Amino acid sequence: MAEVKVFPLCCAVQNYAWGKVGLDSEVARLVLGGDSQALIEEARPYAELWMGAHPKGDALIKDNRISQRTLGQWIADFPGCLGSKVKDTFHGQLPFLFKVLSVNTALSIQAHPNRELAARLHAQFPEHYPDNNHKPEMAIALTQFEGLCGFRPMHEILGFLKNVPEFRALIGNEAAEELQSAVGDPDRTSLALKKCFTRMMNCEKKLFVDQLNMLVKRISEEEAAGKDTSASNGELLLRLHSQYPGDIGCFSIYFLNRIMLQPGEAMFLGANEPHAYLSGDCVECMACSDNTVRAGLTPKYIDVDTLCEMLNYSPAPVSAKIFPCVRDNSDPCVYLYDPPVPDFSVMRIQIPASVRQYTVSALESAGILLVIDGEAAATSAAALSDMTLKRGSVLFISANESVSLQVTSSTGMTMFRACCLL
């Protein structure tokens with residue numbers, strides 16, 4: 001029998017506590033869309049959908065003609081499906097993990113090491129850093145998506161040091177004045193910013209808890225009196241404090257940009273970039289790694305020294321953090337998000353209502369296709385039988401294979417495809 005090279009997947013769900021609950025979660029709705037028999041528990045969080053071959057969430061193959069149970073087993077048996085360049089570069093492994101996230105409460109403030117640091121951390125502390133790979137990642141908003149990303153421009157941080165005395169108390173006057181005097185000199189700015197952030201992360205627990213309680217009390221009273229608390233970032237501070245009371249991460253909002261992505265907008269998080277996801281739904285793609293250095297908004301291990309040493313202390317505005325997509329010259333339905341790392345790229349495929357026939361083109365890389373909206377009958381010479389694609393469908397497409405769609409929905413289709421464009 002000819003080898004099946006295009007097949008549907010049943011993907012792993014992660015029920016982390018920060019996820020949206022029941023059918024409020026886009027993850028749960030996609031799961032139900034892909035399998036109408038799926039059981040969604042209304043009080044359970046559905047945080048992440050994992051589409052890939054990661055050992056903690058290896059996708060199941062939904063084709064009973066294939067003897068391998070999971071995508072990871074199938075790739076191990078047929079590494080050529082990755083494409084020759086991808087197979088050789090990434091040693092027979094799928095180099096990315098594709099996800100959907102539905103965020104109800106904030107994820108930890110974190111950064112990911114580069115390859116060199118990852119290897120060192122893994123050798124020294126394997127219990128905290130389980131592999132030696134880097135973990136760049138990219139989030140593309142499905143709904144309005146809120147996060148923290150990178151250090152704010154200097155004038156904003158200095159404004160908070162002036163307007164939020166509780167924040168200044170953690171940093172200390174000397175470090176705050178050093179930061180002020182460094183304005184205009186990028187090297188001095190980075191050093192002064194590092195000193196300020198390190199001071200905050202290392203300050204005594206009693207000091208920061210007392211200052212945080214004072215800040216929460218002051219902002220709560222100001223809000224009750226109908227005052228504008230935006231100079232203290234009041235709304236976000238109270239929200240994060242309600243989710244993680246007494247957590248040092250609450251103060252990081254005065255250092256980090258708050259970013260609000262609209263659907264289709266993306267942010268790319270390279271090595272050493274401090275970030276946190278706060279709310280909303282997104283598609284995410286990342287290199288295959290679990291290496292995370294945390295900085296707050298978490299009950300998990302915080303490696304303060306590694307974190308403060310590794311971060312990229314380059315202030316930049318929110319606008320610099322939005323990662324652009326580029327429309328494909330040869331296919332106007334495709335918008336490419338192509339970050340500056342070899343491990344992954346993502347395509348958003350937007351088929352308008354006027355188009356009834358569409359070909360998901362062959363690439364020199366294996367890919368994973370997720371349907372967000374719309375329906376189609378799909379055929380491929382490498383699938384051996386027709387497939388129905390609908391909201392929540394996930395398809396593995398081997399390298400050099402295309403899929404023909406007969407679009408059946410009246411409103412067109414929205415899909416995302418993760419791949420590796422070497």
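This briefing describes a predicted model, grouped by topic. Residues are numbered from 1 along each chain as its sequence is written, and side-chain values use heavy atoms, with hydrogens and water left out. Because the model is predicted, local features need pLDDT of at least 70 and side-chain atom pairs count only at pLDDT 80 or more, while totals for chains, interfaces and linings use all residues.

**Annotated binding site**

- The unreviewed UniProt entry carries the annotation "binding site" for Q110, H112, E137 and H275; UniProt positions follow the numbering used here, feature names are shortened, and annotations may be inferred rather than shown by experiment.
- These residues span 166 residues in sequence, yet no two of their C-alpha atoms are more than 12.1 Å apart, so they gather at one spot.
- Q110, H112, E137 and H275 also belong to the lining of the largest pocket. A pocket is defined on a 1 Å grid over the protein atoms alone, as an open set of points where a 1.4 Å probe fits, with protein on both sides within 12 Å along at least five of seven lines; lining residues have an atom within 4 Å of a point.

- Q110 is part of strand 8 (residues 109-111); strands are DSSP runs of E with at least two residues, numbered from the N terminus.
- With a relative accessible area of 12%, Q110 is buried, a term that means under 20% relative accessible area (1.4 Å probe, protein chains only).
- Beyond its neighbours within four places in sequence, Q110 is in contact with E137, E273, P274, H275, T292, V293, R294 and A295; contact means heavy atoms within 4.5 Å.
- The side chains of Q110 and S108 are joined by a polar contact of 2.9 Å, that is, a pair of N or O atoms within 3.5 Å, where within protein one must be able to donate a hydrogen and the other to accept it, and residues adjacent in sequence count only if both atoms are side-chain atoms.
- H275 lies in strand 13 (residues 275-287) and is buried, at a relative accessible area of 2%.
- Not counting residues up to four places away in sequence, the residues that H275 touches include Q110, H112 and E137.

**Backbone with positive phi**

- Most residues other than glycine have a negative phi.
- N272, which is not a glycine, has a positive phi of about 70°. N272 sits in the loop between strand 12 (266-269) and strand 13 and counts as buried at 14% relative accessibility.
- N400 likewise has a positive phi, near 65°, and is found in the loop between strand 23 (394-397) and strand 24 (403-407).

**Q14**

- Q14 belongs to strand 2 (residues 12-14) and is buried at 13% relative accessibility.
- A polar atom of the Q14 side chain lies 3.5 Å from the backbone oxygen of K56.
- Among the residues that Q14 touches, leaving aside those up to four places away in sequence, are Y46, W50 and K56.

**Sheet and domains**

- An open sheet of 8 strands has the order 6-1-23-20-25-18-17-16, with antiparallel pairing; two strands pair if DSSP finds at least two bridges between them.
- Strand 6 (60-61) and strand 16 (326-327) stand at the edges with a single partner strand each, so one side of each is left without a neighbour in the sheet.
- Strand 1 (residues 6-10) runs antiparallel to strand 6, joined by 2 bridges, and L9 stands opposite I61 in strand 6.
- The domain assignment gives domain 1 (164-252) and domain 2 (326-419), with bounds from an automatic or database assignment; their C-alpha centres lie 45 Å apart.

Key: Helices (H or I, at least four residues) and strands (E, at least two) are DSSP runs, numbered from the N terminus. Buried means under 20% relative accessible area, exposed over 50%, partly exposed in between (1.4 Å probe, protein chains only).
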